[in-house]
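Work through the exercises below with the model open. Try each task before reading its solution.

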Amino acid sequence: MTSIWRISLLAVLVCATGLGRAEESEVDTRKSPPDNARWLTLIVQAEDDIAPQPVSLEYQAGQCSELRSYGVGGQSQSGRTRVPAVHFEKIDLSKESSGQRYRARIALDAGGNCQWKLVGLSTQFKYTSPHAQTRGQELLSQRIQVVFADRKNAVRKLNVRMRFQYFPVIYLADKPEQNSIRLQSGGFPDLPSFDPEESGIMILQFKVFNDLAMTATADPQNRYLYRTTYPDGATGSANSVGVMDERMICLMETRAAGGTDFQRCNRFAPVNDKR
């Protein structure tokens with residue numbers, strides 16, 4: 001049975017390693033997956049207003065290294081060190097003949113002279129607003145990063161489904177042509193890392209609740225605040241609109257479960273920031 005992560009996030013933050021750019025190298029980036037290679041079938045499920053973008057892949061070499069510059073503590077220490085070589089590439093997703101599903105087949109064990117292995121992939125989507133106040137405006141979501149690493153709590157089996165859920169925030173200006181829109185998630189959970197024992201499937205589901213748009217108008221008496229209106233009619237004020245907003249999270253969860261009665265969300269008061 002497919003495992004499911006219910007995930008609402010706009011961004012997954014990736015920690016910097018402290019190493020700088022690699023020096024010019026002659027690393028052989030050719031790949032030749034062996035007969036027993038593990039493969040990942042990546043499937044992206046989207047909607048009419050969402051267009052999945054090319055997937056970025058990061059491979060690390062098991063047999064080849066490269067020189068990389070580094071710096072520690074600002075100006076105190078710097079130099080060069082030899083580290084496993086890395087290689088980046090982008091692939092396009094192929095749209096299935098029916099529905100809004102896109103897919104790609106990706107080698108986890110890519111082989112070649114350097115014995116390349118997939119250590120990360122990242123993707124994002126382009127959203128086109130269907131809302132009257134911002135109709136046709138396009139924006140790119142922040143990237144979602146999936147790590148493949150042999151860590152203590154890594155997921156050892158694929159066949160997983162991860163759901164990424166968002167709601168629109170529409171900023172209303174004095175002139176309608178200056179209105180703008182962004183997507184907000186309900187939180188920023190950490191994705192697990194993956195170290196699968198065999199080939200498998202990973203499904204990414206992108207969902208924007210267009211009928212749960214939140215609107216925000218600049219407060220004329222306080223330049224740090226926005227006056228907000230929730231999709232259920234509640235009003236409030238916020239410095240950072242929609243960020244970790246429990247009421248909006250409740251509304252999204254209710255709609256995701258097929259519900260239409262938002263009364264249960266009244267236990268979460270609208271955000272009312274003051275400054």
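**Exercise 1. A serine in a loop**

Leaving aside its neighbours within four places in sequence, which residues is Ser-129 in contact with?

Solution. This is a predicted model, in which local features need pLDDT of at least 70, side-chain atom pairs count only at pLDDT 80 or more, and totals for chains, interfaces and linings use all residues. Residues are numbered from 1 along each chain as its sequence is written, and side-chain values use heavy atoms, with hydrogens and water left out.

Step 1. Contact means heavy atoms within 4.5 Å. With neighbours within four places in sequence set aside, Ser-129 touches Thr-134, Arg-135, Gly-136, Gln-137 and Ile-181.

Step 2. Ser-129 sits in the loop between strand S11 (125-128) and strand S12 (138-140). Helices (H or I, at least four residues) and strands (E, at least two) are DSSP runs, numbered from the N terminus.

Step 3. Check the burial. The relative accessible area of Ser-129 is 3%, so Ser-129 is buried. Buried means under 20% relative accessible area, exposed over 50%, partly exposed in between (1.4 Å probe, protein chains only).

Step 4. Look across the sequence. Ser-180 is 51 residues from Ser-129 in sequence, and 9.8 Å away in space, C-alpha to C-alpha.

**Exercise 2. Disulfides**

Find the disulfides in the whole structure and state their pairing.

Solution. Step 1. Search for pairs of cysteine sulfur atoms within 2.5 Å, the cut-off for a disulfide. The search of the whole structure gives two.

Step 1. Take Cys-64 and Cys-114, joined with an S to S distance of 2.0 Å. The link of Cys-64 and Cys-114 is left-handed, with -90° about the S-S bond. Cys-64 is in strand S5 (residues 55-72) and Cys-114 in the loop between strand S9 (109-111) and strand S10 (116-123), so the bond ties together parts 50 residues apart in sequence. Cys-64 is partly exposed at 21% relative accessibility. Cys-114 is buried at 1%.

Step 2. Take Cys-250 and Cys-265, whose sulfur atoms are 2.2 Å apart. Cys-250 belongs to helix H1 (residues 246-256), while Cys-265 is in the segment after H1, 15 residues apart. The link of Cys-250 and Cys-265 is also left-handed, at -85° about the S-S bond. Cys-250 is buried at 2% relative accessibility, and Cys-265 is buried at 0%.

Step 3. Number the bonded cysteines of the chain in sequence order. The pairing reads 1-2, 3-4.

**Exercise 3. Nonpolar cores**

How many residues does the largest nonpolar core have, and which have the most contacts inside it?

Solution. Step 1. Apply the definition: a nonpolar core is a set of buried Ala, Val, Leu, Ile, Met, Phe, Trp, Tyr and Cys residues joined through side-chain atoms within 4.5 Å.

Step 1. The largest core has 45 residues, and Ile-106, Phe-148, Phe-194 and Met-202 have the most contacts inside it. Strand S14 (residues 160-172) gives the largest share of this core, five residues.

Step 2. Inspect Phe-194. Beyond four places in sequence, its contacts include Val-146, Phe-148, Leu-158, Met-162 and Met-202.

Step 3. Another core lies apart from the largest one. This other core has 17 residues, among them Val-169, Leu-212, Val-241 and Met-252.

**Exercise 4. Salt bridges**

Count the salt bridges, then examine two of them.

Solution. Step 1. Use the cut-off: a side-chain nitrogen of Lys or Arg within 4 Å of a carboxyl oxygen of Asp or Glu. The structure holds 16 such bridges.

Step 1. Arg-38 pairs with Asp-195, with closest N and O atoms 3.9 Å apart. Both residues lie in loops, 157 residues apart. Arg-38 is buried at 18%, whereas Asp-195 is partly exposed at 21%.

Step 2. Arg-247 and Asp-232 meet at 2.7 Å, N to O. Arg-247 is in helix H1, and Asp-232 is in the loop between strand S18 (226-229) and strand S19 (235-238). Arg-247 is buried at 6%; Asp-232 is partly exposed at 27%.

Step 3. Trace shared partners. Arg-38, Asp-109, Lys-117, Asp-150, Arg-156 and Asp-195 are joined into one network.
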